[in-house]
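Thanks for coming. I will go through one model today, one chain at a time, and give each term as it comes up.

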Amino acid sequence: MTDSPFVIAGRTFRSRLIVGSGKYPSHAVMAQAHAASGTEMVTVAVRRVNISDRSKESLLDYIDPGIFLLPNTAGCYTAEDAIRTAHLGREAGLSNWVKLEVIGDERTLFPDNEALIDATKILVRDGFVVLPYTNDDLIACRKLEDAGAAAIMPLGAPIGSGLGIQNVNNLRIIREFARVPLIIDAGVGTASDAALAMELGADGVLMQTAIAGAQEPIAMAEAMKHAVIAGRLAYLSGRIPRKMYATASSPVEGMVGR
Amino acid sequence: MRITLNGEPYDLDEPLSVADLLVRLAIDPRRVAVEHNLVILRRPLFTETLVQDGDRVEIVNFVGGG
């Protein structure tokens with residue numbers, strides 16, 4: 001079956017899996033996990049350089065140059081901080097893409113949608129390709145689209161929770177109405193969660209902890225690659241309707257002894 | 001003279017360019033972004049921008065994140 005390409009802001013990706021770069025046991029394991037996942041886009045955070053200890057290896061030495069970097073604004077609690085961080089990320093990476101996060105609550109890391117929409121408007125005006133991390137809320141997603149977001153990235157569950165897709169119906173509704181690529185960002189715990197996200201019709205899935213925190217990150221990265229491919233194929237294939245009772249798989253005629 | 005570098009006090013003998021500051025800190029300029037007194041500097045401006053007493057400088061790079 002031929003699939004339509006995964007395109008965000010005119011850039012085509014063969015892999016529909018976007019992966020993080022934090023929390024791995026080592027940079028070397030991260031590099032192998034990225035390769036095993038088949039990802040073509042990796043998120044990175046923007047932080048102060050450690051002035052006192054310059055011995056630490058650079059993260060970028062361990063990210064394949066063929067992988068597109070997506071700087072995030074993780075840890076930002078105001079639109080101003082997120083905008084400032086996005087601009088710093090653009091200067092550090094010479095790319096105008098940003099995974100926009102404006103967090104509203106420390107314990108849940110749920111987004112502050114009002115500030116997120118404001119920051120999206122400003123960054124789009126500043127020439128950014130904005131991929132906002134948002135709630136699984138249709139109206140928030142619609143306002144982000146109206147603000148010029150290049151994709152919408154509703155959560156499946158809280159960041160790092162591994163709970164899997166919590167509100168299947170909301171995501172199904174968002175899928176129906178989305179006018180830009182839909183990426184499920186956060187909440188994946190294991191391969192079936194990623195497959196489910198894709199079966200719901202997501203254009204892509206973004207995850208970090210599910211891979212980096214697994215006991216075997218490289219093997220989990222490979223599992224996620226297959227899950228995303230399988231889920232996508234299943235979505236395109238059109239699943240059978242759910243029924244309450246059985247339908248025989250073998251012919252009922254010609255039974256011996258009847 | 002004293003500047004604030006990444007939120008911490010940092011002593012310098014005399015004013016110097018952002019480019020020279022990066023050399024002094026052994027930081028590859030191609031991998032960082034620099035904010036000077038809340039203004040983000042384009043890389044070509046590193047050589048001509050002077051860091052002076054009381055200035056606030058932020059130097060950031062990419063780290064692992066999701």
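In chain B, 26% of the 66 residues count as buried. A residue is buried if 20 or more other C-beta atoms lie within 10 Å of its own, exposed if 12 or fewer, and partly exposed in between, with C-beta atoms placed from the backbone. Before going on: this is a predicted model, where local features need pLDDT of at least 70 and side-chain atom pairs count only at pLDDT 80 or more, while totals for chains, interfaces and linings use all residues. Residues are numbered from 1 along each chain as its sequence is written, and chains are lettered from A and ligands numbered from 1 in the order in which they are written.

Chain B has 1 helix and 7 strands. Helices (H or I, at least four residues) and strands (E, at least two) are DSSP runs, numbered from the N terminus. Starting at the N terminus, the order is β-β-β-α-β-β-β-β.

Now the interface. Here 19 residues of chain B are in contact with 27 residues of chain A; contact requires C-beta atoms, placed from the backbone, to lie within 7 Å. On the chain B side, β4 (33-36) and β7 (56-64) are the elements that give two or more residues. The largest share, 7 residues, comes from β7(B). By class, that side of chain B has 11 nonpolar, 5 polar and 3 charged residues. Ala, Val, Leu, Ile, Met, Phe, Trp, Tyr, Cys and Pro count as nonpolar, Asp, Glu, Lys and Arg as charged, and the others, Gly among them, as polar.

β7(B) also runs antiparallel to strand β4 (residues 41-48) of chain A, joined by 5 bridges. Two strands pair if DSSP finds at least two bridges between them. Which residue of β7(B) is the bridge partner of R48(A)? The partner is V60(B).

Within chain A, 3 strands form an open sheet in the order β6-β7-β8, with parallel pairing. Its edge strands are β6 (97-100) and β8 (153-154), each pairing on one side only. Strand β7 (residues 129-134) of chain A pairs with β8(A) over 2 bridges, and T134(A) stands opposite P154(A).

Next, helix α2 (residues 79-93) of chain A. Its 15 residues should span 21 Å at 1.5 Å a residue, and its end C-alpha atoms are 21 Å apart, which agrees. The expected span is 1.5 Å times one less than the number of residues. Buried residues in α2(A) include A79(A), A82(A) and I83(A). After α2(A) comes L94(A), with a positive phi near 55°.

Last, Q208(A), in the loop between β10 (204-207) and α7 (209-212) of chain A. Is Q208(A) buried or exposed? Q208(A) is buried, because 25 other C-beta atoms lie within 10 Å. Leaving aside neighbours within four places in sequence, its contacts include K23(A) and, from chain B, G66(B).

How values were computed: Two residues are in contact if their C-beta atoms, placed from the backbone, lie within 7 Å.
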